[in-house]
Amino acid sequence: MPSSLLLLGLSLSFWLALRPLSRKRRSDAIPNYSERVLVIGASSGIGRAIAHIYAERGAKLCIVGRRGEELETVRVECEGLLKDAEPASSNRVVSIKADFSDADDMIRVRTVLEQEWGVLDTLVVSAGVSALQPLLHVAGVDGQTSDAGLPTVEGVRRTADIALAATKGNYLGPLVSAVTLVYVSPDALPFLYLIFLACPIIQQIPFMSKSPSPSIHLISSLAAVFPAPTRTLYTSTKAASLMLYRSLSIEHPNIAFSYLLPSTVEGDFRASAVDSGPTREADPNKHGLKRTAVAARAVRAIDNREGIVFMPQFYWLGHILGCLWPSFVERRARRKYNFPL
C-alpha cells in the first residue's frame, strides 16, 4: 500500500506540473490590460490580494464587498497600482458596496457593469464566512460526554439560525452571483460574441456571454473535500458551493470554471465566525499560507484554465488517501483541530 500510494502521488504531481503547459493561455484571447474583472469579497483577505494583482496588470477592475470603508481603501490602493502598471493604465476601478447573497444588490452590480463595460470576462468569488465550533456545542451541549443531556428548543433554534448564516455566506452568495452573471445558452456562445461586435445594441444577451473567453473562479477551501471536527457547518456549506459550481461548469462548458482549495490561510478570517467561540487550531498567522501566495495561485489557475487546484498541491494525494484510508485522514484532522477521541 505505501509504495503504491507513493507511486500514485509522484504520477499525479508530474501530471499536475505538466497540465498547464498543454493549455492555451487566456491572454491569447484577452490581453491583461483589457481584461474586465469582477472580484467579489475584495474588501479584505484573499479577494483584496487578487484585486491588487489585476490592478498591477492594468486590468479593468470592479471590486465588490459589504464593508464600505475597507472597500474604498482597496479602491485607492488599486487605482495607485493601475497608474504604475506596465504599460500604464488609464482604467478606473469600479467600487460597489454590495452583499453577494442579496439578489437586488447583485442585479445592481450587473447593471453598473453593463453600463460601464458591456462585457465581463472574469468573475472571482472570494467572499465567505467561517464557522469554528462542533455542531452540538453550537446547540449548547457538550457532545463528547455521556451526561451531556439533550439540546433544548432554544439550542436547536440557535443551531438552525447559525447554519442559515453559514449557508448564506458560503452557498447562497455564490449561487446568487452565478445566477445573476452566468451565461444562459452555452451552445450559442461562439456566435454571440461576433454578433455583439457587429451589433452592440443587442442588450438582451447576458453580458458575460459577450466575452471571447469567459471565466469564473471560486475561492473554496480544503474543507470542501476534507471532513473536519469543529468545522461541521463550514465544511458542509463550502462543499455545497464547490459542487454547485462544478455542476454549473458542466451545464455551461463554454465558461472556464476554476476552483482554488487552499489549506489554512493567514489573517483574521476566523474572527468573524458566525458561531463565535474559541479557535482550537494553531494560530494561522504563524503557519498559514500567505494571502498573496494564495491570490497569485488563484490568478494563475484562471489564466491557465486549471479546474480544481489544491494548495499545497500534495493535498491531491490526501484527497485520494481519504477515499482509500479514511481513518488516517480523520486522525490527522482530529490532531490539527485539537479534537480528542
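Analyst: A residue counts as buried when its relative accessible area is under 20%, as exposed when it is over 50%, and as partly exposed in between. Please keep in mind that this is a predicted model. By that cut-off F310, at 5% relative accessibility, counts as buried.

User: And what share of the chain is buried?

Analyst: Of the 341 residues of the chain, 49% count as buried, while the accessible surface comes to about 16,700 Å², with carbon and sulfur atoms contributing 59% of that area.

User: What about secondary structure, how many helices and strands?

Analyst: The chain has 12 helices and seven strands. As for how these are brought together, residues 24 or more positions apart account for 74% of the contacts with a separation of 6 or more.

User: Which of its residues are buried, and what do they pack against?

Analyst: The buried residues of α8 are L233, Y234, T235, T237, K238, S241, L242, Y245 and L248. They pack against the helices α5 (135-138) and α6 (153-181), and also against the strands β4 (122-125), β5 (215-219) and β6 (256-262).

User: Switching to the core: which residues touch the most other members of the largest one?

Analyst: In the largest nonpolar core, which has 38 residues, L38 and L123 touch the most other members. Leaving aside neighbours within four places in sequence, L38 is in contact with C62, V64, V109, L113, L120, T122, L123, V124 and L181. Apart from that core lies another one of 31 residues, including I46, A55, I219 and I302.

User: Now the aromatics. How many pairs are there?

Analyst: A search of the whole structure finds five aromatic pairs. In one of them, F226 and Y315 have ring centres 5.9 Å apart and planes at 70°, so the pair is edge-to-face. Because F226 lies in the loop between β5 and α8 while Y315 belongs to helix α11 (residues 315-324), the pair ties together parts that are 89 residues apart in sequence.

User: Are those two buried or exposed?

Analyst: F226 is buried, with a relative accessible area of 13%, whereas Y315 counts as partly exposed at 26% relative accessibility. Another pair, F310 and W316, is tilted, with 5.2 Å from centre to centre and 45° between the planes; W316 counts as buried at 18% relative accessibility. There is also an aromatic cluster formed by F226, F314 and Y315.

User: Last one: where does F100 sit, and what is it in contact with?

Analyst: F100 is in the loop between β3 (94-97) and α4 (103-116), and is buried, with a relative accessible area of 7%. Its contacts, leaving aside neighbours within four places in sequence, include I40, M106, V125, L172, G173 and V176. F100 and G173 are 73 residues apart in sequence, yet their C-alpha atoms are 4.9 Å apart in space.

Terms used:
Residues are numbered from 1 along each chain as its sequence is written. This is a predicted model: local features need pLDDT of at least 70, side-chain atom pairs count only at pLDDT 80 or more; totals for chains, interfaces and linings use all residues. Side-chain values use heavy atoms; hydrogens and water are left out. Buried means under 20% relative accessible area, exposed over 50%, partly exposed in between (1.4 Å probe, protein chains only). Helices (H or I, at least four residues) and strands (E, at least two) are DSSP runs, numbered from the N terminus. Contact means heavy atoms within 4.5 Å. Accessible areas come from the Shrake-Rupley method with a 1.4 Å probe; for residues, only the protein chains shown count as cover. Rings of Phe, Tyr and Trp (its six-membered ring) pair if their centres lie within 6.5 Å; planes under 30 degrees apart count as stacked, over 60 as edge-to-face and the rest as tilted. A nonpolar core is a set of buried Ala, Val, Leu, Ile, Met, Phe, Trp, Tyr and Cys residues joined through side-chain atoms within 4.5 Å.
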